[in-house]
Amino acid sequence: MPKRELDAYDRRILEALQQNGRLTNVELAEQIGLSPSPCLRRVRLLEEAGVIQGYEARLAPDEVGLGLTVFVGIKVERHHERDSALFRKEVSTLPEVIAAHLVSGESDFLLQVVVPDLRAYERFLLNTLLKLPGVKDIRSNFAIQTVKPQSPLPLDHLAR
């Protein structure tokens with residue numbers, strides 16, 4: 001459940017901004033059926049509440065020279081809070097890691113890594129990942145093709 005109750009206007013704002021974060025307030029207001037002033041007020045409230053966390057451009061990895069995506073499962077030695085916090089802190093500083101999740105199952109953490117090529121991943125694995133605190137095991141899965149890139153959150157369920 002969301003911490004903030006989202007009404008139909010909020011959901012329409014979020015859906016529109018997920019599709020095009022560059023909409024002007026006037027365009028957004030027109031699209032969702034509000035006048036600009038209340039629309040802007042709602043957007044600001046959604047930002048302040050942390051529902052909208054930021055605005056960014058989606059880049060084509062291949063076009064910027066990051067042609068290899070690797071999903072890396074990492075198992076850690078111990079599950080002490082201090083060790084886990086240190087591991088999370090270190091992973092958060094690595095620009096090659098574009099997403100990191102604490103997961104259940106075979107691995108403890110699942111990282112999404114982007115690098116130019118296999119040779120760059122080899123260097124990243126040997127010089128960085130294997131040296132992270134508490135790492136016990138690493139399993140790498142290489143993306144052959146992206147079937148569906150990251151997409152907007154499905155907000156339809158909120159209307160029920």
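In this predicted model, a residue is called buried when its relative accessible area is under 20%, and exposed when that area is over 50%. Leu68 has a relative accessibility of 13% and therefore counts as buried.

Leu68 is found in strand S1, and, once residues up to four places away in sequence are set aside, it touches Val113, Val114, Val115, Pro116, Asp117, Leu118, Tyr121 and Phe142. Although Leu68 and Phe142 are 74 residues apart along the chain, their C-alpha atoms are separated by 7.5 Å.

Which residues have the most contacts inside the largest nonpolar core? In this core of 20 residues they are Val72, Ile74, Phe87, Leu111, Val113, Tyr121 and Leu129. Two or more residues each are given to the core by strand S1 (68–76), helix H4 (81–92), strand S3 (109–115), helix H5 (118–127) and strand S4 (135–142), and the largest share, five residues, comes from S1. Another core, of 15 residues, lies apart from it and has Leu23, Ala29, Ile32 and Leu34 among its members.

Helix H1 (residues 8–19) packs with two other helices, as the table sets out.

| Helix pair | Axes come within | Crossing angle |
|---|---|---|
| H1 and H2 (residues 25–32) | 10 Å | roughly 125° |
| H1 and H3 (residues 36–48) | 10 Å | roughly 80° |

With the axes of H1 and H2 crossing at roughly 125°, H1 is oblique to H2, and the crossing of this pair is right-handed. The residues that meet here are Tyr9, Arg12, Ile13, Ala16 and Leu17 in H1 and Leu28, Gln31 and Ile32 in H2.

The axes of H1 and H3, by contrast, cross at roughly 80°, and that makes H1 roughly perpendicular to H3. Here the contact is made by Tyr9, Asp10, Ile13, Leu14 and Leu17 of H1 together with Cys39, Arg42, Val43 and Leu46 of H3.

At the level of the whole chain, the protein is divided into domain 1 (8–57) and domain 2 (61–142), and the centres of these two domains, taken over C-alpha atoms, are separated by 34 Å.

Definitions and conventions
Residues are numbered from 1 along each chain as its sequence is written. This is a predicted model: local features need pLDDT of at least 70, side-chain atom pairs count only at pLDDT 80 or more; totals for chains, interfaces and linings use all residues. Side-chain values use heavy atoms; hydrogens and water are left out. Domain bounds come from an automatic or database domain assignment. A nonpolar core is a set of buried Ala, Val, Leu, Ile, Met, Phe, Trp, Tyr and Cys residues joined through side-chain atoms within 4.5 Å. Buried means under 20% relative accessible area, exposed over 50%, partly exposed in between (1.4 Å probe, protein chains only). Helices (H or I, at least four residues) and strands (E, at least two) are DSSP runs, numbered from the N terminus. Axes are lines fitted to C-alpha atoms, for helices over the stretch in contact, and angles run from 0 to 180 degrees between N-to-C directions. Angles under 35 degrees count as roughly parallel, over 145 as roughly antiparallel, 65 to 115 as roughly perpendicular and the rest as oblique. A crossing is left-handed if the near helix is turned anticlockwise from the far one by less than a right angle, and right-handed if clockwise. Contact means heavy atoms within 4.5 Å.
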